[in-house]
Amino acid sequence: MQTSVGLYIHIPFCHSKCYYCDFYSRPLKEDTRGFVDALSVELSLRITSETRLRTVYIGGGTPSILPLNQLERLLQGIKKENALLEFTIEANPEDVSREWLETVKRLGIDRVSMGVQTFDDAKLRVIGRRHTSTEARRAIEAIIESGLNYSIDLIYGLPGQSVKEWNDNLNILGEYCPPHFSAYGLSYEPGTRLYAGLQAGRYIQCSEEDVLTMYENLVEFAAKHGYEHYEISNFSVPGKESVHNSSYWDGIPYIGIGPGAHSFDGVNRFYNPADSKGYVDKLKRGELPLVMDAETDEERLNDIVISSLRTRKGLDWSRIAGFDERIAGRLRENMTREERKGNLRVNSVGNYIIPHSKWLVSDDIFRNVMI
């Protein structure tokens, strides 16, 4: 019996690490051929004749850093007979050229997710990005000319950012109206350069009031320009939602390839340790680096609840059916309590959802419903 899954390929290398990033990534200092060999081996070991891929997403790190001939060699390991619903690659503006776009298009990639983060040159320097606003604009225009589907990432609440500066970013975004965009509130994560700078007093953190206004302006902008706000941080024109990322929220199985990548078989979660050298060494010996994430039933249930409530569709209670009634009962009590507070409601098809006006404080609601 064939299984339909998403495939995620993690390329951990970057030109340099952005100051806010806490994903597994590191500056590229070596030839990537041995790493691509290891990815190809893992692909051959984990994708069998019974595996049907529905989506592919190449993320990182910075996948656009890979030499094009190595990207082509890697993708030879993906069966051509798969009728993919979506094939995405992440890119940074400084890597996007007409040659690059022509090549990825020829390789079957049909969507580019580009990390712009801000169109403000001064703020780009503050967060350690290498491109300029002009380069970002040129990259967007080249993608549009190529005919590829695309998405843009932006961040609001950057150090010292004013509401007006964020509005200026939205105005520039409105010039292009991409099919999809993601907008994230900045998080100062321990272990990042930005967090260390904040602790040392080198950065001024935006006030909660300004961040709320930025979010409200974002939502207003999206509605005005015809976007659907289908997940807390994601917006699309109708029909252009990210199919691959939606599988994470909808509980669809996926295979994660590469160091630091995670996988889900529909019940259990697995991961590859975030160690590039160990990853390559193991696969050279023909060994999979895959480790099972031994979740408790409570943790599995919390994963379902939080991922579902992040979306406009919400939580379909039928996804809780396989859990022990004692655990499910505790969850229902928590959700009923939040419903009474107005933090949850049941929509027209019977799913629990967080009202749109409460999405900015959804982390607090998640904590209250978790068991």
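Q: Which residue in β10 is the bridge partner of Glu-231?
A: In this predicted model, strand β9 covers residues 228–231 and strand β10 covers residues 234–236, and the two pair in the antiparallel sense over three bridges. They form a hairpin with two residues between them. The bridge partner of Glu-231 in β10 is Asn-234.

Q: What is the radius of gyration of the chain, and why does the chain count as compact as a globular protein of that length?
A: The chain holds 13 helices and 16 strands. For 371 residues the globule rule gives 21 Å, and the chain comes close to that, so it is as compact as a globular protein of that length. Along the principal axes, the C-alpha atoms fill a box of roughly 55 × 50 × 40 Å. The radius of gyration is 21 Å.

Q: What share of the contacts with a separation of 6 or more is between residues 24 or more positions apart?
A: Contact here means heavy atoms within 4.5 Å. For the chain, the share from residues 24 or more positions apart is 69%.

Q: How far apart are the mean positions of the positive and negative charges?
A: The chain has 44 positive and 52 negative charges. Their mean positions are separated by 2 Å.

Q: Is Asn-92 buried or exposed, and what is its relative accessible area?
A: Asn-92 sits in the loop between β5 (86–91) and α3 (98–106). Leaving out residues up to four places away in sequence, it touches Thr-62, Ser-64, Met-114, Gly-115 and Arg-129. The cut-off for buried is under 20%. Asn-92 is therefore buried, at 13%.

Q: Which residues does Thr-62 touch, not counting those up to four places away in sequence?
A: Thr-62 is in the loop between β4 (51–60) and α2 (68–75). With a relative accessibility of 4%, Thr-62 counts as buried. The residues it touches are Ile-11, Phe-13, Cys-14, Asn-92 and Asp-95.

Q: Which two residues does a cis peptide bond join, with omega of about 25 degrees?
A: One of the two residues is found in the loop between β4 and α2, namely Gly-61. Thr-62 has its place in that loop as well. The cis peptide bond joins Gly-60 and Gly-61.

Q: What is phi of Gln-117?
A: Gln-117 is found in strand β6, residues 111–117, and counts as buried at 8% relative accessibility. Its phi is positive, in a residue other than glycine, and is near 75 degrees.

Q: Where is Cys-177 placed, and what is its relative accessible area?
A: Cys-177 also has a positive phi in a residue other than glycine, near 45 degrees. Its place is in the loop between α6 (163–176) and β8 (180–185). Cys-177 is partly exposed, with a relative accessible area of 33%.

Conventions: Residues are numbered from 1 along each chain as its sequence is written. This is a predicted model: local features need pLDDT of at least 70, side-chain atom pairs count only at pLDDT 80 or more; totals for chains, interfaces and linings use all residues. Side-chain values use heavy atoms; hydrogens and water are left out. Helices (H or I, at least four residues) and strands (E, at least two) are DSSP runs, numbered from the N terminus. The radius of gyration is taken over C-alpha atoms; the globule rule is 2.2 Å times the number of residues to the power 0.38. Lys and Arg count as positive and Asp and Glu as negative; His and the chain ends are not counted. The place of a charge is taken as NZ of Lys, CZ of Arg, CG of Asp or CD of Glu. Two strands pair if DSSP finds at least two bridges between them. Buried means under 20% relative accessible area, exposed over 50%, partly exposed in between (1.4 Å probe, protein chains only).
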